[in-house]
Amino acid sequence: MPPEHDRITAPKTTANTTSPTASPTASPTTSPTASTTTPTTASASLTTPITADLIHGALDLEHTPHGVLPHRLPARTRAQNTDPQLAMSEAQPSGLRLVFRTRATSVELDSLPTKRVYVGAPPRPDGMYDLLVDGHLTGQGSVPGGNTITIDMTAGTAETRPGPFGTLRFTGLPEHLKTIEIWLPHNETTELVALRTDAPLEPVPSGDRGRGVWLHHGSSISHGSDAASPTRIWPALAAALGGVELINLGLGGGALLDPFTARAMRDTPADLISVKIGINLVNTDLMRLRAFGPAVHGFLDTIREGHPDTPLLLVSPILCPMHEDTPGPTALELGTVSAGQLRFQAMGDPAERAVGKLTLNVIREELSRIVRQRSADDPNLRHLDGRALYGESDFAELPLPDGLHPDAATHRRMGERFAELAFTAPDPLFPPPEPTLRNS
């Protein structure tokens, strides 16, 4: 089946860049009556403040000189973090979306993106916004311009330059009352400057559609690395197929069993919880087996402080051949940056497993053991071997392009498989959620 984004019947979409010093309520740069279906009495001049009740999936909003910056980790968590990689990852709005009801036929969003440029590598495409109307992908667009971070991976340096914000415009939308979702780019930090429509709008509370909330934590794969668009990262696909609301704590390079992440999950209301752990611990060569087991127990204990009975799924790594039996750290292959095709390699020695270095197979065995041990007293804890989402036969058909991250087709496959195993199988890993019983 081809990806749904190949079957878009898109309304008119345009994007313009504007000076970042302009007022957040500045008039659009083109007339909203350009849409032939816009009523003659309407104009996209109704500005609605962007508040927390409009943004689903965020754990915090930071007010900036231009507007608001959504965060996927709360302020107290960010204050304890000293890792620039995690700071960048949590500020990228993977899984975040503006959600509201309206009869508007024209919607405009001013945003200030922060884009990454890697020295020696081809330019990255602009981040993609997905427009859903009553749950159906209806349009896509990008915002050019914005701030730029130039990263030299060989020198370990980064330089930031400010740039203009832009306007994303969707016109020609149906006139009836509908639910609009604008999914923000999963891989591009996005400050939200202003939201305009040609008819009033109202927020849609996260539980208003009768869906349970699924809280998920994982690595860059869960974050959406190399996915086609924000609704096509595998957790978003799985959530759509499972009929649940996603809070995505997939953090590129940041699934490291940090206690502050566990506390954030502990304090976040959810009906279903999953933790996908392993690959980042090998990438960073962060700990040995002696520390790994207790760290997993501590992470789960912290989550259980706030969610004692919530269905909790521990997911081990998907297949990654270079790290199945070879420890980290992970490094770029020399020459691949200048060649324009990044590839990674394992730098450890398989013999180092004897002194406690972690590999993916070691991690899978330990996670399975931990779940068996804990499930005697925690019947709502279950385990999923990540190779059920992407294993050897999948690698033969859809190899990892850079040796580490899945491509867009693999994201779709993983999302469909997780949805089946977790939500729709005769004995699903997640029972049907009951939102009214959610832990608070």
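**Aromatic pairs in the model**

Trp214, Trp234, Phe418, Phe423 and Phe430 form a cluster, linked through ring pairs. Keep in mind that this is a predicted model. Searching the whole structure gives seven aromatic pairs.

A word on the description. A pair of aromatic rings is characterised by two quantities, the distance of the centres and the angle of the planes.

Start with Trp234 and Phe418. Their ring centres are 5.2 Å apart and the planes meet at 55°, so this pair is tilted; the edge-to-face label needs an angle over 60 degrees. Where do the two residues of this pair sit in the chain? Trp234 is in helix α4, residues 234-242, and Phe418 is in helix α10, residues 408-424. They are 184 residues apart, so the pair links distant parts of the chain.

Phe423 has 14% relative accessibility and counts as buried, because the cut-off is under 20%.

Last item, the charge. Arg97 places its charged end over the ring of Trp183, 4.9 Å from the ring centre.

How values were computed:
Residues are numbered from 1 along each chain as its sequence is written. This is a predicted model: local features need pLDDT of at least 70, side-chain atom pairs count only at pLDDT 80 or more; totals for chains, interfaces and linings use all residues. Side-chain values use heavy atoms; hydrogens and water are left out. Rings of Phe, Tyr and Trp (its six-membered ring) pair if their centres lie within 6.5 Å; planes under 30 degrees apart count as stacked, over 60 as edge-to-face and the rest as tilted. Helices (H or I, at least four residues) and strands (E, at least two) are DSSP runs, numbered from the N terminus. Buried means under 20% relative accessible area, exposed over 50%, partly exposed in between (1.4 Å probe, protein chains only). A charge sits over a ring if NZ of Lys or CZ of Arg is within 6 Å of the ring centre and within 35 degrees of the ring normal.
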